[in-house]
Amino acid sequence: MFERFTKDARAVVTGAVEHAERAGAGSVDTEHLLLALLEREGSRASFALAALGLAERGDAVQEALGEARRRAGLSQADAEALAGLGIDVSEIVARVEEVHGVGAMSGDRKDKGWWAGRRSFGRGAKEILEKALRIAVARRDRHIGDEHILLALTVRPGVPGEVLADHGVTYESVVRVLYGGGEAKAG
């Protein structure tokens with residue numbers, strides 16, 4: 001599958017691995033793919049993100065991802081569903097952090113001496129890459145670009161998709177920018 005990746009898509013995958021390593025994460029996950037996409041310049045996905053106004057709000061996206069990490073990776077929708085059952089996720093996070101320190105529920109392994117070998121890809125990241133392939137095939141594209149990774153992130157339930165949607169980046173808006181139906185179109 002990776003032989004069909006464009007240079008930009010490969011750079012996103014490499015960037016995601018680097019983000020996971022810097023965070024001390026045990027595996028590369030969907031949030032690392034999103035963070036790597038936000039760093040790209042001069043690619044189709046970066047064009048779409050800029051056209052949708054996300055380029056200027058990268059800090060807000062990183063903050064939202066950080067908050068989700070503090071909630072042990074629960075999306076806002078998950079937290080609201082639990083609130084409907086009478087479970088206050090914010091209160092649980094506050095109590096855990098009071099005892100174990102800020103970020104205790106994030107799952108970071110900075111202090112656990114993680115093996116310095118190659119990072120594996122978590123189930124979510126694998127699903128995103130597989131979905132990117134399916135999107136490319138459905139669009140009859142002969143390659144898998146970073147735009148396909150972005151589109152895959154917008155359709156998969158979870159924190160990155162929710163954060164993107166909260167900032168106006170949806171599957172429909174990205175398709176409109178990249179493939180027409182609006183004023184802007186990526187070439």
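This is a predicted model: local features need pLDDT of at least 70, side-chain atom pairs count only at pLDDT 80 or more; totals for chains, interfaces and linings use all residues.
A crossing is left-handed if the near helix is turned anticlockwise from the far one by less than a right angle, and right-handed if clockwise. Residues are numbered from 1 along each chain as its sequence is written, and side-chain values use heavy atoms, leaving out hydrogens and water.

**H1 and H2**
- H1 passes H2 in a right-handed crossing; helices here are DSSP runs (H or I, at least four residues), numbered from the N terminus.
- The axes of H1 (residues 7-23) and H2 (residues 30-39) come within 8 Å and cross at roughly 120 degrees; axes are lines fitted to C-alpha atoms over the stretch in contact, with angles from 0 to 180 degrees between N-to-C directions.
- On the H1 side the contact (heavy atoms within 4.5 Å) includes Val12, Gly15 and His19, and on the H2 side Leu33, Ala36 and Glu39 are among the residues involved.
- That contact splits into eight nonpolar, three polar and two charged residues; Ala, Val, Leu, Ile, Met, Phe, Trp, Tyr, Cys and Pro count as nonpolar, Asp, Glu, Lys and Arg as charged, and the others, Gly among them, as polar.

**H3 and H10**
- H3 (residues 44-51) packs on H10 (residues 171-179) at about 115 degrees, axes 9 Å apart, and the crossing is right-handed.
- The two helices are therefore roughly perpendicular, a label for angles of 65 to 115 degrees.
- Arg44, Phe47, Ala48 and Ala51 of H3 meet Val174, Val177, Leu178 and Tyr179 of H10.
- By class, this contact has seven nonpolar, no polar and one charged residues.

**H7 and H8**
- H7 (residues 123-138) and H8 (residues 146-155) pack at about 115 degrees with axes 8 Å apart, which makes H7 roughly perpendicular to H8.
- H7 passes H8 in a right-handed crossing too.
- Among the contact residues are Ile128, Lys131 and Ile135 of H7, plus His148, Leu151 and Val155 of H8.
- The tally is 10 nonpolar, one polar and one charged.

**Charge over a ring**
- Arg139 lies over the face of Tyr179, 3.5 Å from the ring centre; the rule wants NZ of Lys or CZ of Arg within 6 Å of the ring centre and within 35 degrees of the ring normal.

Key:
Angles under 35 degrees count as roughly parallel, over 145 as roughly antiparallel, 65 to 115 as roughly perpendicular and the rest as oblique.
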